Amino acid sequence: MKVLIVDDDTFKIKEIIRSLNKLGIDNIKSVSSLREMYSSLKEDTFDLIILDNNFPEFIDSLPKRNLGLETLYMISQRKLLLNLLGKAKVIICSSDDIDEDISYDFYLGNIIYDSSIDILGDLKSFLGGIL
């Protein structure tokens, strides 16, 4: 399984990678902005995208609140972006619970990230049908 992590928090990225490694997943790439995510999707295919909900659009810009949710919507509305996504599934990793009812075929759900909680159990439950 090939995973793309989109997040600007290096500590959180390391925690996610550690959890994925425990599941036997080691083909992992991380980027820190929306622009880098699109570039990565143009260059390669992924099975899973773990998307922060609050991250920068561009390298070295400030994080934008709910950009993860906006990105899900943009992907669902634009055929070109759906084609870039391919067969990849998306998980949003956020410090908040997402209250919105999201029903895109490519969206698996939301993991609430807190540095004091191991996200391994949440990842296992979402990836059970994929692994």
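The following legends describe close-up views of a predicted model.

Residues are numbered from 1 along each chain as its sequence is written. In this predicted model, local features need pLDDT of at least 70 and side-chain atom pairs count only at pLDDT 80 or more, while totals for chains, interfaces and linings use all residues; side-chain values use heavy atoms, with hydrogens and water left out.

**View 1. Burial of strand 3, residues 48-52.** Helices (H or I, at least four residues) and strands (E, at least two) are DSSP runs, numbered from the N terminus. Strand 3 is mostly covered, as five of its five residues are buried; buried denotes under 20% relative accessible area, exposed over 50%, and partly exposed the range in between, with a 1.4 Å probe and protein chains only. Covered residues occur on both faces of the strand: L48, I50 and D52 are buried on one side, and I49 and L51 on the other.

**View 2. Parallel neighbours of strand 3.** Two strands are paired if DSSP finds at least two bridges between them. Strand 1 (residues 2-6) runs parallel to strand 3 and is joined to it by four bridges. Within this pairing, L4 has I49 of strand 3 as its bridge partner. Strand 4 (residues 89-94) also runs parallel to strand 3, and five bridges join the two. Here D52 has C93 of strand 4 as its bridge partner.

View 3. Because its relative accessible area is 3%, S19 is classed as buried. Leaving aside residues up to four places away in sequence, S19 touches D118, I119, L120 and L123, where contact means heavy atoms within 4.5 Å.

**View 4. The aromatic pair Y104 and F106.** A search of the whole structure finds one aromatic pair. The ring centres of Y104 and F106 are 5.3 Å apart and their planes lie at 10°, so the pair is stacked. Rings of Phe, Tyr and Trp (its six-membered ring) pair if their centres lie within 6.5 Å; planes under 30 degrees apart count as stacked, over 60 as edge-to-face and the rest as tilted. Y104 counts as partly exposed because its relative accessibility is 26%, whereas F106, with a relative accessible area of 8%, is buried.

**View 5. D105 in the loop between strand 4 and strand 5.** Strand 5 covers 107-112, and D105 lies in the loop between strand 4 and this strand. D105 has a relative accessible area of 72% and is therefore exposed. The C-alpha atoms of D105 and K79 are separated by 14 Å, the two residues being 26 residues apart along the chain.
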